[in-house]
Each structure stands twice: as C-alpha cells, then as structure tokens.
Amino acid sequence: MLKTRLDLDRIHAARRVIDPIFLHTPMYQCDALGRRLGCTVSIKLETANPVRSFKARGTELVASLLTEQGRTAVVCASAGNLGQALSWSGRRRGLDVTVVASRRAPVAKHDRP
C-alpha cells in the first residue's frame, strides 16, 4: 500500500490555523469549459484574498508551526507570491520575515507590502 504524509488529522489541524479568509475563496462554475470537457469545471478565485495567491495557505501553516516552536524569524528566497504570502502570515504572528528577492524581479513584486 502506498504511504504518504497526507492524512485527515494533519489536514484538519492545518485548517484550524489557516485564516478563514484563505479557506473561503469564492468559486465559480465555468460552463463553457465544462461543456467542452464534458464535466463540471469550478474555478477558484484566488485573487480575492489579501495575498492574491493560494500560497498563503501553506505559509499560514508554516508561520503557525514556527511560532509554536518559539521561533521569532524566518528567511525565504522568493521574487513572487511565496515571499508575499510568508510576509503576510509572519507579520500576523509577530515573526520577523526576511524575503530575499532577485533585483530582476518585477517592480510590482518588490513594492508589494
């Protein structure tokens, strides 16, 4: 039998620490695509959350685990959504977050708080 790290207890535990704003992202049915594929197609509108990305679900969990361990800071390398999401999640939990980004990253990524 295939063993994975996925299990319902871990999923339920993660759900308890992830801000509901990321769990209740609006979903819409895409009828045109569904007709072409012969199935129901749902599209999750991730740009409707404060980070504008699905990445915050993971960073919410990581930031929560770090604070539970008594950590006070975290560093990541990202010129995009991961860095933005970790900054958002870390700030909420009092973590000092350092994001290392390439100088070649789009200006909009550097300027986003």
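# Exercises on Arg92 and helix α5

The side chains of Asp19 and Arg92 meet in a salt bridge, with N to O at 3.5 Å. The pair links distant parts of the chain, 73 residues apart. The model is a predicted one.

**Exercise 1.** Find what Arg92 contacts beyond its neighbours within four places in sequence, and describe the salt bridge to Glu60.

*Solution.* 
- Step 1: leaving those neighbours aside, Arg92 is in contact with Asp19 and Glu60.
- Step 2: Glu60 and Arg92 form a salt bridge, and their closest N and O atoms are 2.9 Å apart.
- Step 3: Glu60 lies in helix α4 and Arg92 in helix α5, so the bridge ties together parts 32 residues apart in sequence.
- Step 4: C-alpha to C-alpha, Arg92 and Glu60 are 9.3 Å apart in space.
- Step 5: Glu60 is buried, with a relative accessible area of 0%.
- Step 6: salt bridges that share partners join Asp19, Glu60, Arg92 and Arg93 into one network.

**Exercise 2.** How many salt bridges does a search of the whole structure find? Describe the one between Arg57 and Glu46.

*Solution.* 
- Step 1: the search finds four salt bridges.
- Step 2: in the bridge between Arg57 and Glu46, the closest N and O atoms are 3.1 Å apart.
- Step 3: Arg57 is in helix α4 (residues 55-68), while Glu46 is in the loop between β2 (42-44) and α4. The pair therefore ties together parts 11 residues apart in sequence.
- Step 4: Glu46 has 16% relative accessibility, so Glu46 counts as buried.

**Exercise 3.** Check the span of α5 against 1.5 Å a residue, list its buried residues, and say what follows the helix.

*Solution.* 
- Step 1: the buried residues of α5 are Gly83, Gln84, Ala85, Leu86, Ser87, Trp88, Ser89 and Gly90.
- Step 2: Gly94 follows α5, and its phi is positive, near 80 degrees.

**Exercise 4.** Describe the packing of α4 and α5. Which residues make the contact?

*Solution.* 
- Step 1: the axes of α4 and α5 are 8 Å apart, at an angle of about 40 degrees.
- Step 2: angles under 35 degrees count as roughly parallel, and 65 to 115 as roughly perpendicular. α4 and α5 are therefore oblique to each other.
- Step 3: the crossing of α4 and α5 is right-handed.
- Step 4: from α4, the contact is made by Lys55, Ala56, Thr59, Glu60 and Ala63.
- Step 5: from α5, Asn81, Leu82, Ala85, Leu86, Trp88, Ser89, Gly90 and Arg92 take part.
- Step 6: link this to the salt bridges. Glu60 and Arg92 are both in the contact list, and Glu60 forms a salt bridge with Arg92.

Conventions: Residues numbered from 1 in each chain as written. Predicted model: local features only at pLDDT ≥ 70, side-chain atom pairs only at ≥ 80, totals over all residues. Heavy atoms only, no water. Helix = DSSP H or I, 4+ residues; strand = E, 2+ residues; numbered from the N terminus. Buried < 20%, exposed > 50% of the residue type's maximum accessible area, 1.4 Å probe, protein only. Expected span 1.5 Å × (residues − 1). Axes fitted to C-alpha atoms, helices over the stretch in contact; angles between N-to-C directions. Parallel < 35°, antiparallel > 145°, perpendicular 65-115°, else oblique. Left-handed = near helix turned anticlockwise from the far one by under 90°. Contact = heavy atoms within 4.5 Å.
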